[in-house]
Protein chains: 4
Amino acid sequence: MAGETVITVVGNLTADPELRFTPSGAAVASFTVASTPRTFDRQANEWKDGETLFLRCSVWREAAENIAESLTKGTRVIVQGRLVQRSFETREGEKRTVVEMQVDEVGPSLRYATAKVTRASRGGGGGFGGGQGGYGGGQQGGYAAAGAQQGGGYNAPGGGQADDPWATGGSSAFNDEPPF
Amino acid sequence: MAGETVITVVGNLTADPELRFTPSGAAVASFTVASTPRTFDRQANEWKDGETLFLRCSVWREAAENIAESLTKGTRVIVQGRLVQRSFETREGEKRTVVEMQVDEVGPSLRYATAKVTRASRGGGGGFGGGQGGYGGGQQGGYAAAGAQQGGGYNAPGGGQADDPWATGGSSAFNDEPPF
Amino acid sequence: MAGETVITVVGNLTADPELRFTPSGAAVASFTVASTPRTFDRQANEWKDGETLFLRCSVWREAAENIAESLTKGTRVIVQGRLVQRSFETREGEKRTVVEMQVDEVGPSLRYATAKVTRASRGGGGGFGGGQGGYGGGQQGGYAAAGAQQGGGYNAPGGGQADDPWATGGSSAFNDEPPF
Amino acid sequence: MAGETVITVVGNLTADPELRFTPSGAAVASFTVASTPRTFDRQANEWKDGETLFLRCSVWREAAENIAESLTKGTRVIVQGRLVQRSFETREGEKRTVVEMQVDEVGPSLRYATAKVTRASRGGGGGFGGGQGGYGGGQQGGYAAAGAQQGGGYNAPGGGQADDPWATGGSSAFNDEPPF
DNA sequence: TTTT
DNA sequence: TTTT
């Protein structure tokens, strides 16, 4: 009896996702995420790549079809799901167990610039209107792009805490240099 | 002295991201994620929406510019980062503190079908080839698409543990009905 | 290159921890956590136990010695650490890979009442004063116990947000029935 | 519509937990965790303490009573729960919102040696027999203690994957120096 | 192989 | 087997 084993992994696809269908027609996609931690080596006093974790992932239904269309080998992704253990038998009749992930949420990471190019599009598109229908028809892509409110200083940020500090100019957040 | 407070939140943008620049030219984007948990009400014996969490998020550098281009109001996103507390002063000179998130990774969730439409594109594009080059030029969008190996029954899935069970036909994963 | 794969698992020890020492004298403890998720079966409209995840865990140094002393078979624990993959060779010379956890933080869960009994003590003890000195010597155990300020209505809760709501009487948190 | 916002925080109690009871008799404990991240400063090329996060936490029912007995100011704890937002009104009638945590699991961290002392006990006690009553009656405390199998080299570790590598002598895990 |  |  335990809460949950929901985890989030960030890494790169080792190959294009595979899409299959169950007899009843449900889509299931599977892929492997390679996640290489960066750790600080106290001895050497430098950053090093740790051992890569290769984690097998399964996605069902809509999400399965979505990722088959938009994620490819090498894509950096964010994957959230539950760790599960699956038993199976080898061809030699030996029992084995593997740890895998049943994916709840998955999407491409926008952390690096390389992610940008691919979202160029013609006549509409642009933006991930995840919501209840098609928002955002009509952005033209390009740099200024995608509906971002680049300008204003006092536009209500629409959320958060009472008397939101982001709305007040001169917040420390907008002085120099990122905090990390 | 504490490990980390890395968390992952899934939710929808309450507005388009705001993009600004520090005096030194570093990009910083901010947005609010609305995350509504579904919880099972034991009394009523049914699922209900919990209280929505509105969490203010900041993103720096490349990622800031990337999201300003591709995320819009309503997008369902996966956000990973560190919880931080920020102090500020109200216009009345009162000290306040808010809990926010410094984002490490963020991207659109591909969980729902609505995410699909927006990635249609002309002459290439398509797919998030996060990697260093060929983002699968040539997919036509549409359903079969995006490099997924839809066909085979026994193609090596190229991943996972020794003697990978996914390679063996008839794995339980491909029988009927998703497990959840 | 990926952020981190820090995860937290809650479950029960399948056996007492094993404590060993490296040639250089570093302590390493290992144990297996059995984590059984509860999931809501939509078909049956009821809660069921999911498949149990058995996750092998390693702990080093001080923590290794601490857990060897205080955790036993069956203990419900909270374990935080990094997922790692370890390669090894079977006696038949076959290569294998397993997913395990390198533990950063671990401790007994105080969720259930059964956890209570074992902490009874004589003349001192009681309480886990992990902090910077005085572990409250002198609590007598028993129910009212352990330094909790049961009484007051307006004692400053010493932390948190400006104008902390916990300090104001009549907060909704103290009306009837827990929210879950 | 969002999965969950389950998070885990590690930190120290800023004060003893406060225990109260709702009119209907349900116990609720509250406390604040101070969590100070260690981050690597690229400029200075050294580790620094980040800004401390003070997170207000609520615990209900059994767990509330358990922690009131055993956690005290300064204790290092592992806390898992859901981030929630709570609205309230200040004495001036102003609306405010705070981010807090509804705790699912909480316990003392056994990471540091200081945690050890407090578990000394007389005639029984000792160990957290989380299970079905009092296991482990009779450990004497002290170092060898608490059911740990310190000895053997080849005792079956009882867990994990097929052909468990931990059972094989000479695993890399038992060579010199911890991996971090 | 654990377990409110 | 991936990868800023």
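**Salt bridges within and between chains**

D49(A) has a relative accessibility of 41% and therefore counts as partly exposed, a class that lies between buried (under 20% relative accessible area) and exposed (over 50%), as computed with a 1.4 Å probe on protein chains only. The model is a predicted one, in which local features need pLDDT of at least 70 and side-chain atom pairs count only at pLDDT 80 or more, while totals for chains, interfaces and linings use all residues. Residues are numbered from 1 along each chain as its sequence is written, chains are lettered from A and ligands numbered from 1 in the order in which they are written, and side-chain values use heavy atoms, with hydrogens and water left out.

Side chains of opposite charge can pair when their charged atoms come close. D49(A) meets R38(A) in a salt bridge with an N to O distance of 3.0 Å, the term standing for a side-chain nitrogen of Lys or Arg within 4 Å of a carboxyl oxygen of Asp or Glu. Because D49(A) lies in strand β5 (residues 46-49) of chain A and R38(A) in strand β4 (residues 38-41) of chain A, the pair ties together parts that are 11 residues apart in sequence; strands here are DSSP runs (E, at least two residues), numbered from the N terminus. R38(A), at 35% relative accessibility, is likewise partly exposed.

In chain B, a salt bridge joins D104(B) to R82(B), with 2.8 Å between the closest N and O atoms. This pair links distant parts of the chain, since D104(B) belongs to strand β8 (residues 95-108) of chain B and R82(B) to strand β7 (residues 76-89) of chain B, 22 residues apart. R82(B) counts as buried, at 16% relative accessibility.

Which residue forms a salt bridge with E105(C)? The partner is R76(D), and the closest N and O atoms are 2.4 Å apart. The pair crosses between chains, from strand β8 (residues 95-108) of chain C to strand β7 (residues 76-89) of chain D, and both E105(C) and R76(D) are buried. Salt bridges that share partners also join E94(A), R96(A), E94(C) and R96(C) into one network. Over all chains, a search of the whole structure finds 40 salt bridges.

T5(C), in the segment before β1 (6-13) of chain C, is buried at a relative accessible area of 6%. The side chains of T5(C) and S35(A) are joined by a polar contact of 3.3 Å.

Key:
Helix = DSSP H or I, 4+ residues; strand = E, 2+ residues; numbered from the N terminus. Polar contact = N/O pair within 3.5 Å; in protein donor to acceptor, adjacent residues only side chain to side chain.
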